[in-house]
Amino acid sequence: MNNSDICCFFAYSDTPAFRRSVDALRSCREVKAVYLCAAGDAADIPGCTLWHASLYETDTLRRMAREVQEGFLLIALPGMEFLPSGHLCSRLLAVAGDTGAPLVYTDSWRDEEGRRTPHPRIDCHEGSLRDDFDLGTLLFLRADTFLSAVSEMDISYRYAALYDLRLRLSRRGALFHLREMLYGERPLLRQAGERQFDYVDPRNRAVQIEMERACTRHLQAVGAWLPPVQRVVEYEKGDFPVDVSVVIPVYNRVRSIADAVRSAAAQQGDFSYNIIVVDNHSTDGTTSALQALAGEIPQLLHLIPEAEGLGIGGCWNYAVNHPACGRFAVQLDSDDLYKDAHVLSRIVETFRRERCAMVVGSYELTDWNLHLLPPGLIDHREWTPENGHNNALRINGLGAPRAFYTPLLRACPFPDVSYGEDYAVALRLSRTYPIGRIYESLYLCRRWEGNSDAALDTERINRNNAYKDSLRAMELAARRQMNHETR
């Protein structure tokens with residue numbers, strides 16, 4: 001082999017389309033060898049080497065390192081059939097040579113149900129700590145940096161090897177995102193959207209433990225790991241009008257707002273509470289519905305801010321800084337419901353017992369008629385008191401409902417956005433204070449055709465993910481600075 005040779009390592013899918021993909025790459029003069037990694041029994045493809053191995057295992061990466069001493073590796077991940085363009089290899093070689101990047105990934109086409117649509121991706125930077133970051137099906141790696149990274153792998157993972165590899169490569173140089181569609185993809189294994197809750201599916205607990213371990217070691221390597229939080233919150237004895245405020249930002253939810261408010265109004269316990277609904281200038285009848293509810297439910301405070309165009313975070317800030325806000329502020333989305341009449345009681349008990357800055361519960365997905373949807377209870381048990389504040393940088397959310405100690409929320413306000421605003425505050429608070437957790441279901445999160453999580457397109461998903469990655473990058477910088485100041 002020489003410095004422009006390519007060895008291909010593919011997760012093997014025994015289908016005619018996959019065979020066409022392999023044949024297309026084998027015809028490239030730069031490709032010198034093709035290895036097929038099969039999880040079980042599979043038929044040989046002439047001219048290829050068949051391995052019974054998984055690309056997610058560290059032992060497979062070590063085996064790959066023994067086969068490739070120079071040049072480049074092209075890795076095809078599981079889950080997609082792919083169709084390379086005729087100039088894929090030559091273009092990847094040119095870009096890798098120009099940038100010196102340890103890993104190059106590209107945009108692609110997506111072929112679903114006979115429709116071919118662009119599938120752009122986002123830049124991968126130090127804040128892109130999610131183990132489900134979308135690099136695409138095809139990854140192009142320099143052999144020298146690959147060998148260096150693999151040589152340092154001192155833990156043998158069954159599931160987290162590629163994630164571990166990506167983090168190690170990122171410490172050797174910036175991964176390069178080529179904004180060109182050099183191949184097509186066709187999903188093999190699942191329908192669109194099913195990956196959203198993989199990381200909290202209880203069947204994947206062993207995977208999550210490995211991913212957390214790999215991420216924790218990376219944070220230690222880059223100086224952003226924090227020891228377990230010891231500081232407890234001293235709740236002020238100052239005057240609050242009530243113990244708890246349920247905060248409901250709403251815009252154009254006439255169909256669901258009454259259900260949400262009644263769910264809050266049914267709460268019972270040895271505490272006082274109110275319901276603060278911030279009506280963000282609704283135009284569909286929500287305002288009239290809330291005015292009628294206010295005459296019926298004495299705990300309800302219907303607020304309309306003077307400013308228009310606030311994000312969800314801005315609505316939260318408006319509620320939290322209102323004189324009527326209680327000592328603890330508890331989230332309820334305008335689509336959703338509390339599980340029963342004792343949700344606030346459980347949350348208040350947790351605050352009192354654990355002296356924490358924030359309490360996060362567990363929830364179940366339902367359809368509009370409250371029929372349960374997969375994957376069942378979402379309890380985020382990946383959170384532990386010892387390492388949850390570090391692992392929070394890897395996962396995409398902490399759970400629901402979320403509740404906050406109001407003075408801290410006033411001091412650390414939400415960003416005025418409508419996605420990730422709660423994640424930003426949770427990262428900031430977890431840096432310094434303990435976070436309380438309740439692992440039993442408290443909340444019914446309704447999925448229906450009109451809510452904010454329904455049928456997001458690729459552009460919206462990318463924008464949301466890029467924003468959360470930027471939050472992680474800011475948090476990494478802040479935690480490094482904390483560690484530097486305490487030396």
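**Notebook: salt bridges, rings and helices**

I count a salt bridge when a side-chain nitrogen of Lys or Arg is within 4 Å of a carboxyl oxygen of Asp or Glu. I note that this is a predicted model, in which local features need pLDDT of at least 70, side-chain atom pairs count only at pLDDT 80 or more, and totals for chains, interfaces and linings use all residues. Residues are numbered from 1 along each chain as its sequence is written, and side-chain values use heavy atoms, with hydrogens and water left out.

Both aspartate 469 and arginine 472 lie in helix H14 (residues 458-485), 3 residues apart, about one turn of the helix. Helices (H or I, at least four residues) and strands (E, at least two) are DSSP runs, numbered from the N terminus. Aspartate 469 counts as buried at 0% relative accessibility, and arginine 472 counts as buried at 0%. For accessibility I use these cut-offs: buried is under 20% relative accessible area, exposed over 50%, and partly exposed in between (1.4 Å probe, protein chains only).

**Salt bridges of arginine 168**

I then searched for salt bridges overall, and the count comes to 35. Arginine 168 meets glutamate 152 in one of them (3.8 Å, N to O). Arginine 168 lies in helix H5 (residues 161-170) and glutamate 152 in the loop between helix H4 (143-151) and H5, so the pair ties together parts 16 residues apart in sequence. Arginine 168 also meets aspartate 164 in a salt bridge (3.0 Å, N to O). These two are 4 residues apart in helix H5, about one helical turn. I found arginine 168 buried, with a relative accessible area of 7%, and aspartate 164 buried at 5%, whereas glutamate 152 is partly exposed at 43%.

I looked up glutamate 421, which is in helix H13. Glutamate 421 is buried yet has no salt bridge; the nearest side chain of opposite charge, arginine 402, is 5.2 Å away. For charge, Lys and Arg count as positive and Asp and Glu as negative, while His and the chain ends are not counted. Leaving aside neighbours within four places in sequence, glutamate 421 is in contact (heavy atoms within 4.5 Å) with Ile312, Gly313, Phe414 and Pro415.

Aspartate 422 is also found in H13 (residues 421-430) and counts as buried at 16% relative accessibility. Aspartate 422 touches Arg402 and Phe414, not counting residues up to four places away in sequence.

**Rings around phenylalanine 414**

Which pairs does phenylalanine 414 form with tryptophan 316 and phenylalanine 404? Rings of Phe, Tyr and Trp (its six-membered ring) pair if their centres lie within 6.5 Å; planes under 30 degrees apart count as stacked, over 60 as edge-to-face and the rest as tilted. I find 19 aromatic pairs by this rule. Tryptophan 316 and phenylalanine 414 form a tilted pair, 5.1 Å centre to centre with 50 degrees between the planes. Tryptophan 316 lies in helix H9 (residues 312-320) and phenylalanine 414 in the loop between helix H12 (406-411) and H13, so the pair ties together parts 98 residues apart in sequence. Tryptophan 316 and phenylalanine 414 are both buried. The rings of phenylalanine 404 and phenylalanine 414 have centres 5.6 Å apart and planes at 85 degrees, so this pair is edge-to-face. Phenylalanine 404 is in strand S17 (residues 402-405), 10 residues from phenylalanine 414.
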